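Dear colleague,

Here is the structure for your files. My notes on it follow below.

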Amino acid sequence: MTPVISIKGVQKSFGQFQVLKDIDFEIAKGEVVCVIGPSGSGKSTFLRCINQLESVDEGIIIVNGEIAGYRRKDDKLYPLGDRAVARQRQAVGMVFQRFHLFPNKTVLENITEGPIKVQRRNGEACREEARSLLRRVGLADKAGSYPSELSGGQQQRVAIARALAMKPEAMLFDEPTSALDPELVGEVLGVMKELAKSGTTMIVVTHEIGFCREVADRVLFMDRGTIVACGTPAEILENPQNPRVKSFVSAVL
Ligand code: ADP
Ligand code: MG
């Protein structure tokens, strides 16, 4: 089966500093991959390149059969224009550590903004879908609230619903619970578990080892811009062979 996302030979530098070194990666439909690794190892940059928030220096990222950021012509790759990049970005939903909701819009408006304004879909249909997404993330009664009236956990669940409203092929999560008070982490992880169970293709950067163990099909360990190890949760978390993985895992467990 064709992978939903396929990454080949991706390199990315900021100035002299190489953040991603020759990354190869694929994720199949419905697969959940958790990404762990030390701070500064390139995890966020990895997700940001997939979502076209950063451009890559070398290599290609294929999302749903299309080469992200490029079109092929005469066997050469040419950068896409801003509009095409924006269209392609819709194929992957992203949830950030900080929720980035529009503060002056209600919860419902936050969710329908993209589908209506960007995808130009029917307003009433989008509002109906948004209500159904709010039920799914357990916030059916918050449609008319403003972000400032919600807890961090509730805001992050709205951010998840907002990303899902664009009907993405895959969801990317960048430490979605790191900014939350400990008692609010569980409600967000609960929503993510439900998404995983219902077949959503997900890449999750997280320090929640329990979540990795329970939900991930594969765990990927990144260090200094490379994928050092990739395997089942048991292989990576319970019995790591690589010494760098071993010392990281024993430190966070
Ligand atoms: P992680 O998410 O694993 O903590 P990041 O992908 O955020 O790692 O960052 C990897 C490295 O790249 C870090 O050293 C960081 O300082 C650097 N970096 C990230 N974004 C930028 C940027 N926009 N400009 C310069 N350096 C950056
Ligand atoms: Mg990061």
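The buried residues of helix H2 pack against S4, S5 and strand S8 (92–95), where contact means heavy atoms within 4.5 Å and buried means under 20% relative accessible area (exposed is over 50%, partly exposed in between; 1.4 Å probe, protein chains only). Helices (H or I, at least four residues) and strands (E, at least two) are DSSP runs, numbered from the N terminus.

This is a predicted model: local features need pLDDT of at least 70, side-chain atom pairs count only at pLDDT 80 or more, and totals for chains, interfaces and linings use all residues. Residues are numbered from 1 along each chain as its sequence is written, chains are lettered from A and ligands numbered from 1 in the order in which they are written, and side-chain values use heavy atoms, leaving out hydrogens and water.

H2 covers residues 82–89, and its buried residues are Ala84, Val85 and Gln88. They line one face of the helix, because seen down the axis they fall within an arc of 100 degrees (the arc of the directions from the helix axis to the C-beta atoms). Asp82, Arg83 and Arg87 are exposed on the face turned away from the buried side.

S4 and S5 belong to an open sheet of four strands, ordered S2-S1-S4-S5 with antiparallel pairing; two strands pair if DSSP finds at least two bridges between them. Its edge strands are S2 (17–27) and S5 (66–67), each pairing on one side only. S4 (residues 58–63) is joined to S5 by two bridges, and valine 63 stands opposite glutamate 66 in S5.

Separately, S6 (residues 70–73) and S7 (residues 76–79) pair antiparallel over four bridges. Tyrosine 70 has proline 79 in S7 as its bridge partner. Two residues lie between these strands in the hairpin, where aspartate 74 takes a positive phi near 50 degrees.

Regards
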